[in-house]
Amino acid sequence: MDRKPVTIGKLFKMKAEGQKISMITAYDYPSAVLCDRAGVDMILVGDSLGMVMLGHQSTVPVTMDDMLLHIKSVRRGLKAAFLVGDMPYMSYSISLEQALTNATRIMQEGGCDMIKLEGGAEVAPAVKAITDAGIPVCGHIGLTPQSVAMLGGYKVQGKDLAGAQKMIDDAKALQEAGASCLVMECVPSALAEAITKAVDMVTIGIGGGPGCDGQVLVLHDILGLSLRKTPKMAKLYADVAGQIQGAVEQYVSDVSNHSFPAPENGFAMDESIVEQLKL
Ligand code: KIV
């Protein structure tokens, strides 16, 4: 039976009832179809696609055009999951007008249910402008990969008192500005749990421990397809890279030893035509 589409109201209800929310990244049509069929509540077209799909070293080179191409293909694959689209690097930091224009594109052209952007109190004015315009926003605090140069690497955030207090203040500023969801990346579990209890926003952890309202992981990390060491916060559920490479090696060998194509892979022609053509 088809699932009912997941709405923002359903996400708040799940938080209120203590039902955990599953979120996963998807970047293309087939993975969207499969994740939706698997029953995931939320899909994130994250700007992590820059590293996972496009081979960049960070998320910084990702553009609005990259995001929209991938978001549109994911949208076409979804029936029920709630779709969140990431705002890429510098697409919301130059002016409120720019932030609103790009958020509008992600909703209108990409067909998202919500946009996500990185940062704390400093992005609150952009969050307010976007939510005032009626666009739901998911914040993202802790390790914010677009600011990796400022953070000095991909590290756990909020480990000391000042950092933890700042993160609490950032979460509250985002809520005040109108955000409904909050991703917390690489945040100590006790802090992520305390923030979850202190806010009405739906919190989603990635390396945020079990106290968050939900969890998000990068699809390619759980499939063993990200071609990097599985990060500590992820869990490996399959070796898809091994399966793909093994299957292609088999194909290469079949072609080279003449076992592919077999007669059943070809198309027959009427014998009389073959004769007339003198083939
Ligand atoms: O870009 C992304 O995939 C993300 C998740 C890791 C939360 O922001």
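Here is a short tour of a helix pair, an aromatic pair and a few backbone spots.

Before clicking, know that this is a predicted model, where local features need pLDDT of at least 70, side-chain atom pairs count only at pLDDT 80 or more, and totals for chains, interfaces and linings use all residues. Residues are numbered from 1 along each chain as its sequence is written, and side-chain values use heavy atoms, with hydrogens and water left out.

**Stop one: two helices**

Select residues 96-108, helix α5, together with 124-132, helix α6. Helices here are DSSP runs of H or I with at least four residues, strands are E runs of at least two, and both are numbered from the N terminus. The two helices pack at an angle of about 50°, and their axes are 9 Å apart. Axes are lines fitted to C-alpha atoms, for helices over the stretch in contact, with angles running from 0 to 180 degrees between N-to-C directions. That makes α5 oblique to α6 (under 35 degrees is roughly parallel, over 145 roughly antiparallel, 65 to 115 roughly perpendicular, and the rest oblique).

Now show side chains for L96, A99, L100 and A103 on α5, plus P125, A126, A129 and I130 on α6: these make the contact, meaning heavy atoms within 4.5 Å. Colour by class and you get eight nonpolar residues, no polar and no charged ones (nonpolar is Ala, Val, Leu, Ile, Met, Phe, Trp, Tyr, Cys and Pro; charged is Asp, Glu, Lys and Arg; polar is the others, Gly among them).

**Stop two: the aromatic pair**

Next, pick Y251 and F260. Their rings pair edge-to-face, 5.9 Å centre to centre with 65° between the planes. Rings of Phe, Tyr and Trp (its six-membered ring) pair with centres within 6.5 Å; planes under 30 degrees apart are stacked, over 60 edge-to-face, the rest tilted. Y251 is partly exposed at 46% relative accessible area, and F260 is partly exposed at 33% (buried is under 20%, exposed over 50%, partly exposed in between, with a 1.4 Å probe and protein chains only).

Stay on F260 and step to P261: the peptide bond between them is cis, omega near -5°. P261 sits in the loop between α11 (240-256) and α12 (271-276).

**Stop three: positive phi**

Jump to M90, in the loop between β3 (82-86) and α5. Phi there is near 65°, positive in a non-glycine residue.

Last, select C186, between β6 (181-185) and α9 (189-198). Buried or exposed? C186 is buried, at 13% relative accessible area, and has a positive phi of about 50°.
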